[in-house]
Amino acid sequence: MSYLDQTLHLFPETVLAVAGTLIMVLSPTVKNARWLGRIALFALVLALFGSHVSYHHGEYMGSAFDGLVTNDAFAILFRQLFIIVAALAVLSSFDYLKREGIETGEYYALILFSVVGQGLMACSTDLVMIFIGLEISSISTYILTGYRRHDARGIEAALKYFLLGSFATGFLLYGIALVYGATGSTNLAAIRAAIPQANGPLVAMGAALMFVGMAFKVSGAPFQVWTPDVYQGAPTPVTAFMSAAPKAAAFAMFLRVFLTGLTPAAGYFWLLWGCAVLSMFVGNLGALMQSNIKRMLAYSSIAHAGYVLAAFTTRSAMGGAAAIFYLAVYSVTNVGAFLVVAHLAGKDESTVAISDYRGLGKRHPVLAACFTIFLLSLLGVPLTGGFFGKFYIVTSAVAAGLPGLAIITMINSAIGAYYYLRVVVTMYMEDAESPAATPAVPASGTLVLIFTVIGVFALGVFPTMVLEWASQAADILK
Amino acid sequence: MLLTLVILLPAVSALALLTIPSSQPETIRRAGFAAALIVFMLSLGLLWQFESNAAGYQFESDLPWIGIPDIHFHLGIDGISLWLILLTTFLMPIALLASWGITERVKAFFCLFLLLETGMMGVFASLDLFLFYVFWEVSLVPMYFIIGVWGHGRRVYAAIKFFLFTMAGSTLMLVAIVWLYRAAHTFSVPALLAHRELFSGPEQGWLFLAFFVAFAIKVPMFPLHTWLPDAHTEAPTAGSVMLAAVMLKMGTYGMVRFCLPLFPEAAGRHAPWIIALALIGIVYGALVAMVQPNIKKLVAYSSVSHLGFVVLGVFAFNQIAMDGAVYQMLNHGISTGGLFLLVGMLYDRRHRFEIAEYGGLSTPMPIYTSFFLFVTLSSIGLPLLNGFVGEFLVLVGASQARFVYSIIAGTATILSAVYMLWMYQRVFLGENTNPANANLPDLSLREKTVAIPVMAMALIMGVASGWFFKPMEASTARVVKQTGVPAHVKNAAPATYEGGTR
């Protein structure tokens, strides 16, 4: 295989890296940073199209670079998810960045680089490559978190995220080293083959350390402490991006490493189970007490990580498909919800308390209706994607003989109802004393809203297509 | 096809309603009312084409919906579903007509009601458990908004309580539904019935409980009833009507349709304590209703008592009681729906629900007073009106299971007369002591149009009950047959009786 052919396996990453670099180069000369954002959008669309073609064409599927990366249905699905999330995040950033006066080209470049890293995480079949992808993605996200550099909370969030994140990465790297020491390889397939003869305790230790690192990245309890602060401090469109793309990427590597690499070392079942259950309870109970909408959504994202981990705990192809489907639903829903928050945040994010949403149903019926739809999807009301995702997780848990986990998931879903409904109550059933002005939604935001609302319903009413694709992707996890 | 049309038409009209600009509330009201009326006309077509003697499902349509897992858009009705759907379509235009006074967010109000109608009818017609669950949950959302946005006083508290109670109950039901699927690889209700031997022993017990708790919260049965007085009292008039008349029946319908036929042994095993709770509910509801200072709350607690009758009839495991239970579901819809409509008219005039605010209303409002008496009598089960038929049959059927059941339940028929008539006396009779009530206008033409169909229905159901039982009997007989008579039922009478003795 020629070098070019191998590079074309990574076509989306190549396009995005080139576009990101181009944006950096152009940035000092282009006055209106919006144009750089448009370049980023164009690159994202091109990358999406490219990965679509390569999937259906079949020529650039399979492994490349000596087994460092593998283009399979799993990689393509996740990659397209990241790209779509990034495109939505870029679209919702236009208005926000202008309002905050921080619209510069680097912002868009960083989002593209972050997606490059996430794409590598999804398609790598080698621990070292996965690690590199993770670092590219994380470092870009650290910077994006502190992008409002005159805001103390933003700086605090970035620093906290960076320090804790690096610490977690250390755990991951240590785990990789131990697994390498025990099996003599960093390639997942080779590790799997070598595990039966390997030093058992060493592998288990390595797996546990890797587990800590990855649980941190998906904000699974008890490694979730950073999440509320970081989600609150980051610029809201970045929070939207961060709560979806890097999280889904972390889950992609989590699923691939633990289900295709370490399968025979089943010792981590209770780790997963405990992490899933704890995340659900910590997330949902924590969200009950929040008065800031971003913090509430942050805690809710911890709970949702718990739901995905529950699907993961089944260690079945069906559970994998459920996890992937749920991540898709959750990403679309969350990006939509955070767009609404970003739009209403006001200058310097001054109106992000739940009480600021009083009377929104009257002030801006369309925005309130959209937000309600997203919240109902997060809650898991039928006909929205969130319900079907949760239903599928419960189905996979019951099918795997874990009815207890299914019941815990459903109980948590009922707890979640309270705090999601509280926001709905605030919007429709309480009146504002001094209603803040509600700006009209710009065209870019409208596009995101239309896409996400349709996405939420499409995934809830006609989930078959995405579900089949997710099942196909999950085949590698068998 | 007709059934699908009847069920989906309200939702489609709700979407169509969205296109009318909010600045024309009168057009929205008329269009919404017309849509509900058309749905009622179409549903009469269901009655017309229904084959009375067939026990199976009719108007069945079965379309594949989602591939993995195998979910179908599977609708069909038997005699029990038929009447509940007709109850819904009958009351919906009436409830909307009673809501003409709503001036705030008119469009959203009418849209939500039409969506609610689709949701509730879907529950009664689903033959796929997944679809059933979807309708079950979806119908919650409009009602939540109806209570929370257009309700009175503590509406927000009531709305959230209503939502959380029902949601919490149904979460376990979803796990049970998935469990059934895991064993039988289908969500289809007829197919599950054919394979019900797959679930036996303790497994059946757990499945039964998971379903039962969800339904018991919705009914609501003592001691899970605490959401009901709040929701009923705080909801706007039309919301209370649909909540009491139709939504509560989703619970008892679920018991009849799923709990008994799918898990007959478990139903038999658990019946004693369920009946005990139903009896406690009957007496407790009546006693608490008696001391209520608030008319609407009084009617709400009377629902707890009336629904206890229904549950008693369902778990007596014979056809007389089952017929009575289903009839009582319809009766309660008409009588309590009527009471809420009339109480709402009073509220429109005075904005108060307290009994103490009123007295001697018969002088300024003679027509209203006589209407109210009529509906009151129907609610307490005066012979020749609808309530009597259902209560009588439930008492007869329950006495066949165990005589003491009917003795305890029978006290409530006396108590209901006490609390209703006492309230009637305090509100309408005697001297008018409150000057604010002296010049209240009597019912307008619109209000009479709202009340008269309900009263007519109460009378028709009282004197021509045989006509209502005819399409229903084959279906109730089938449910009773599928369930069988559990061993613990003493004096188990053969489940036969001659029609026409009512």
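**View 1. Centre of the largest nonpolar core in this predicted model.** The largest nonpolar core holds 399 residues, and Ala86(A) and Leu312(B) touch the most other members. Helix 14 of chain A, residues 317-344, gives the most to this core, with 20 residues.

**View 2. Surroundings of Ala86(A).** Leaving aside residues up to four places away in sequence, Ala86(A) touches Leu44(A), Ile111(A), Val115(A), Phe241(A) and Ala245(A).

**View 3. Helix 5 of chain A, residues 105-123.** From its first C-alpha to its last, this helix of 19 residues reaches 28 Å, close to the 27 Å expected at 1.5 Å a residue. Helix 5 of chain A is largely enclosed by the rest of the structure, because 18 of its 19 residues are buried.

**View 4. Contact between chain B and chain A.** Each chain takes part with 26 residues. On the side of chain B that touches chain A, helix 5 (129-138), helix 6 (140-150) and helix 7 (155-184) of chain B each supply at least two residues. Helix 7 of chain B provides the largest share of that side, 14 residues. By class, the side of chain B that touches chain A has 20 nonpolar, three polar and three charged residues.

View 5. Of the 478 residues of chain A, 64% count as buried. Among contacts in chain A between residues at least 6 apart in sequence, 79% join residues at least 24 apart.

Terms used
Residues numbered from 1 in each chain as written. Chains lettered and ligands numbered in written order. Predicted model: local features only at pLDDT ≥ 70, side-chain atom pairs only at ≥ 80, totals over all residues. Core = buried A, V, L, I, M, F, W, Y, C linked by C-beta atoms within 7 Å. Buried ≥ 20, exposed ≤ 12 C-beta atoms within 10 Å, placed from the backbone. Helix = DSSP H or I, 4+ residues; strand = E, 2+ residues; numbered from the N terminus. Contact = placed C-beta atoms within 7 Å. Nonpolar A, V, L, I, M, F, W, Y, C, P; charged D, E, K, R; others polar. Expected span 1.5 Å × (residues − 1).
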